[in-house]
Amino acid sequence: MTLNRTRRGPARRRLLLGAGALTATLAVGGAVGWNTLDGAAAAPPPAAAAATATSTAYDSATKHDARFNAAFQHKFATVNGVRMHYVTGGKGPALVLLHGWPQTWYEWRKVMPKLAEHHTVYALDLPGLGDSEGSPKSFDKKTLANYVHGLLNDRIGLDRFDLVAHDLGGGVGFQYVAQFPRQVKSYVHMDYPVPGRKLPAAQYRTFSWHMAFNSQPGIPEKLVDSRRDVREYITAFSTQVAYGGSSFGGKRTTSPFSRAEIEEYTRTYSRPAVLHGGFELYRSLDQDERDNAAAAPTDVPTLLLTAKGSMAATRPTLEPTLRDITRAVEIPKAGHWLAEENSEAVAREILAFTAK
């Protein structure tokens, strides 16, 4: 897939995003379309106002949702100089949700009401991402896990909880379980092979064009440097790795994300610090490999959820450390975006597992 960007003035640049593949270096992409909330195609919305430098719009996606606001609250707490944003609600044992890239806590929006019927839910924006403010010392997943620990243990006061993590948030979740196994009652790891003993970071970056592109020092920030660019990148990338997308050998042409989801992720990643932090998640994969290879084995009960066809590439990377993978499921009719593409199946699997 090729995305063209035309600048005012004589200088014109072209950003070649290619076609992503989780199991191959490149694949053939297709055109990308917008989705409305009910999935029907629609034209892109008009350009929004420039993104603010702070998280003053943290509730912009939910402030008019009366049902959501009756059940959940946005909160902040400062950990080692980083003001961390999280959303919480529900009743019952604590359940913590960690998002992936290029997403925020909002990726859990569809499953949170169901989970909150049985748990007190905490959906976090990772340090330096979403509406969290300030930069962590590093974006390697071991360091981020320590910030998450500071929030959950020291600020919120949780000593035992169930943990769910997706994508690069799964790298943080993996490290959290390895460092603090006594705090984690059960762990749900969603669609993320971890660099480590079984998967060198260099090999990991060959799985998809975006992993190599995002890892380049400085270049992504120069090419994806406007709100429009961020929106186009998120729309194109989410389409490619969705169910039926080019990464899975299909010809899908529309994003699985609703317009509201794309606009929310665009809002946050249009902040330069957050955009930079997202790319740093990939630049730190070599350190992740070293940290994961050194992680001590743990027997925390683990549920592994992946996209259709991704289990064989994921499970072996976890097993040296997560010795009790109690259940492993490929979510039907879902690509990489499990919680968006089949929210009912994901909520059902999480609740059944945490109930045990």
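Predicted model: local features only at pLDDT ≥ 70, side-chain atom pairs only at ≥ 80, totals over all residues.
How many bridges join β7 to strand β8, and do the two run parallel or antiparallel?

**View 1. Strand β7 and its neighbour β8.** Strand β7 is joined to strand β8, residues 120-124, by 5 bridges, and the two strands run parallel. Within this pairing, V96 has Y122 of β8 as its bridge partner.

**View 2. Strand β7 and its neighbour β9.** Strand β9 covers residues 161-166 and runs parallel to β7, with 4 bridges between them.

**View 3. The side chains of strand β7.** In a regular strand, side chains alternate between the two faces of the sheet. In β7, A94, V96 and L98 point one way, whereas L95 and L97 point the other way. Both sets of residues are buried. Because 5 of the 5 residues of β7 (residues 94-98) are buried, this strand is largely enclosed by the rest of the structure.

**View 4. The largest cavity.** Rolling a probe the size of a water molecule over the atoms shows where empty space is left. The structure holds 2 cavities of 30 Å³ or more, and the volume of the largest cavity is about 70 Å³. Its lining consists of W101, P102, V224, V230, Y233, I234, Y269, L275 and F279. Helices α8 (227-240) and α10 (272-283) each supply at least two residues of this lining. The largest share, 3 residues, comes from α8.

**View 5. Confidence along the model.** The average pLDDT of the protein is 87, and 85% of the residues score at least 70. Over residues 1-54 the pLDDT is below 50, and in the model this stretch has 127 contacts beyond near neighbours in sequence.

**View 6. The protein as a whole.** The protein contains 14 helices and 12 strands. Of its 356 residues, 57% count as buried. The protein exposes about 14,400 Å², of which carbon and sulfur atoms supply 52%. Among contacts between residues at least 6 apart in sequence, 72% join residues at least 24 apart.

Methods: Residues numbered from 1 in each chain as written. Heavy atoms only, no water. Buried < 20%, exposed > 50% of the residue type's maximum accessible area, 1.4 Å probe, protein only. Contact = heavy atoms within 4.5 Å. Areas by Shrake-Rupley, 256 points an atom, 1.4 Å probe, with all protein chains shown as cover. Pairing = 2+ DSSP bridges. pLDDT = per-residue confidence, 0-100. 1 Å grid on protein atoms, 1.4 Å probe; cavity = no way out; pocket = protein on both sides within 12 Å on 5 of 7 lines; lining within 4 Å. Points joined across faces, edges and corners; volume = space filled by probe spheres on them.
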